[in-house]
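Welcome! Have the view open as you read, and take the topics one at a time.

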2 protein chains.
Amino acid sequence: MVERKDPSALSAILKAASDPTRRQILTLLAQNGPLKVTDIARRFDQSLNAVSKHIKTLEGAGLVSRLTEWREHLIEVQMAPLSEIDTWFAELRSIWALRLDALDAALKEDNDDK
Amino acid sequence: MVERKDPSALSAILKAASDPTRRQILTLLAQNGPLKVTDIARRFDQSLNAVSKHIKTLEGAGLVSRLTEWREHLIEVQMAPLSEIDTWFAELRSIWALRLDALDAALKEDNDDK
DNA sequence: CTTTCGTTCAACCATATGGGTGAATAACAC
DNA sequence: GTGTTATTCACCCATATGGTTGAACGAAAG
């Protein structure tokens with residue numbers, strides 16, 4: 001049996017990644033390394049508050065981590081959780097491939113029966 | 001220049017995949033091959049209507065296709081769009097790796113300057 | 001002591017989302 | 001014709017979401 005991880009974790013990751021602003025934040029962090037909330041917000045056409053909330057969402061999904069050095073919060077991208085998407089995808093694809101294999105086998109056997 | 005695809009397409013794919021029920025539908029279709037809407041709905045603890053709407057969402061994201069043979073609609077999983085997630089992920093990771101490389105290079109140069 | 005700084009918290013608003021029920025549709029079986 | 005089947009459409013509802021503005025906090029600087 002494959003170790004079934006909490007599906008809500010994957011849901012949170014996918015949902016967090018489904019917002020364009022949040023994906024841009026991840027890209028920005030990947031490019032620049034850790035940044036302060038204010039510095040991130042400066043790049044966007046939204047209020048600081050809106051960006052702060054996006055960061056909280058990303059944090060909740062584990063896609064960024066926060067290093068709080070008193071009032072300055074350093075936000076850093078975390079690539080690890082993203083690989084859960086990969087895992088899910090690979091799993092789905094293998095289920096799919098398995099069925100096709102079984103189908104092939106069945107057809108072949110059917111042919112032998114003729 | 002990398003061909004920049006419509007980011008809203010990726011958003012739709014991620015959002016569609018972020019719902020547990022919809023992921024289960026995809027898994028079901030990957031296992032069983034094309035199914036009728038009714039047969040899909042039978043597996044879930046939701047109204048036929050709710051499942052129908054989920055399927056429409058998946059269809060909108062291109063994750064399933066529909067073969068309408070009069071009143072019976074055959075729903076089939078489409079793996080292709082999912083690879084856009086892979087692409088995005090790979091791109092983000094490469095941006096990230098690039099920064100680390102540059103960081104390494106800078107440190108090395110700094111050392112040479114000493 | 002007052003101001004500034006970086007950030008979150010608390011409301012609030014409009015819209016989206018996931019769910020439900022009931023009707024409409026059009027072919028097919030009786 | 002009447003009923004059954006498979007599916008969507010049109011509403012309705014509660015809650016989530018993305019955005020706004022304004023207040024609060026607590027250290028540091030003037």
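How much area is buried between chain B and chain A? About 2,700 Å² is buried there, and carbon and sulfur atoms give 72% of it. Please keep in mind that this is a predicted model.

**Where chain B meets chain A**

- The contact draws 29 residues from chain B and 29 residues from chain A.
- On the chain B side, the residues that lose the most area to chain A are B:Arg23, B:Met79 and B:Phe89, which together make up 22% of what that side buries.
- Three helices of chain B each bring at least two residues to the side that touches chain A: helix 1 (7–17), helix 2 (20–32) and helix 5 (82–113).
- Helix 5 of chain B gives the largest share of that side, with eleven residues.
- Sorted by class, the side of chain B that touches chain A holds 17 nonpolar, seven polar and five charged residues.
- Between chain B and chain A there are zero salt bridges, while six residue pairs are in polar contact, both residues at pLDDT 80 or more.

**Around DNA strand C**

- Looking at the DNA side, sugar and phosphate make up 57% of the atoms of DNA strand C that come within 4 Å of the protein.
- A:Ser52 also has a polar side-chain atom 2.6 Å from a phosphate oxygen of DNA strand C.
- Chain B reaches phosphate oxygens of DNA strand C too: a polar side-chain atom of B:Arg22 lies 2.8 Å from one, and a polar side-chain atom of B:Gln46 lies 3.0 Å from one.
- In chain A, helix 3 (37–42), helix 4 (48–60) and strand 3 (72–77) each supply at least two residues of the surface near DNA strand C, as does helix 4 (48–60) of chain B.
- Helix 4 of chain A provides the largest share of this surface, five residues.
- By class, the surface near DNA strand C has eleven charged, eight polar and four nonpolar residues.

**The strands of chain B**

- Strand 2 (residues 64–69) of chain B pairs with strand 3 of chain B in the antiparallel sense, over six bridges.
- Within that pairing, you can find B:Leu67 opposite B:Leu74 in strand 3 of chain B.
- Two residues lie between the strands of this hairpin, where B:Trp70 takes a positive phi near 45 degrees.
- Strand 1 (residues 35–36) of chain B is antiparallel to strand 3 (residues 72–77) of chain B and is joined to it by two bridges.
- Here B:Leu35 stands opposite B:Ile75 of strand 3 in chain B.

Technical notes
Residues numbered from 1 in each chain as written. Chains lettered and ligands numbered in written order. Predicted model: local features only at pLDDT ≥ 70, side-chain atom pairs only at ≥ 80, totals over all residues. Heavy atoms only, no water. Pairing = 2+ DSSP bridges. Helix = DSSP H or I, 4+ residues; strand = E, 2+ residues; numbered from the N terminus. Contact = heavy atoms within 4.5 Å. Buried area = accessible area lost by both parts, 1.4 Å probe. Salt bridge = Lys/Arg side-chain N within 4 Å of Asp/Glu carboxyl O. Polar contact = N/O pair within 3.5 Å; in protein donor to acceptor, adjacent residues only side chain to side chain. Nonpolar A, V, L, I, M, F, W, Y, C, P; charged D, E, K, R; others polar. Near = heavy atom within 4 Å.
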